[in-house]
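Colleague: Could you take me through how the strands and helices of this model are arranged?

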Amino acid sequence: MADPNAHQPPDLTRSNDQRLALVGDWTLIAQRLLESKGQQIVELGAQMHALKLDLSGVTRLDTAGAWLINRAQRQLDEAGVSVELIQV
């Protein structure tokens with residue numbers, strides 16, 4: 001049986017042309033990987049006019065993860081990309 005307390009690394013997948021699905025634990029435990037995934041949101045989102053960030057697959061979220069998602073959202077907004085958080 002899988003340990004429900006086991007850490008699940010943060011990740012994201014592009015589920016369609018305007019949607020990125022975030023999955024796993026977006027927490028400080030995975031600080032370096034988390035930073036990389038935050039930058040990946042910006043890089044992928046910059047290719048779009050509008051972006052939906054689907055948080056339904058996020059299993060844990062702490063202040064560090066929320067801050068990185070917010071920072072990516074701000075950077076994209078400054079680049080003219082409309083960002084909507086869904087399934088929060």
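Modeller: Trp-26 stands opposite Leu-61 in E3. This is a predicted model, in which local features need pLDDT of at least 70 and side-chain atom pairs count only at pLDDT 80 or more, while totals for chains, interfaces and linings use all residues. Residues are numbered from 1 along each chain as its sequence is written, and side-chain values use heavy atoms, with hydrogens and water left out.

Colleague: In which sense do E2 and E3 pair?

Modeller: Helices (H or I, at least four residues) and strands (E, at least two) are DSSP runs numbered from the N terminus, and two strands pair if DSSP finds at least two bridges between them. Strand E2 covers residues 19-26 and strand E3 residues 50-61, and over seven bridges their pairing is parallel.

Colleague: Which residue of E4 stands opposite Asp-54?

Modeller: E3 is joined by five bridges to strand E4 (residues 82-86), and the two run parallel. Opposite Asp-54, the residue in E4 is Ile-86.

Colleague: Why do H1 and H2 count as roughly parallel?

Modeller: The axes, lines fitted to C-alpha atoms over the stretch in contact, with angles from 0 to 180 degrees between N-to-C directions, come within 9 Å for H1 and H2 and cross at roughly 25°. Because angles under 35 degrees count as roughly parallel, over 145 as roughly antiparallel, 65 to 115 as roughly perpendicular and the rest as oblique, H1 is roughly parallel to H2.
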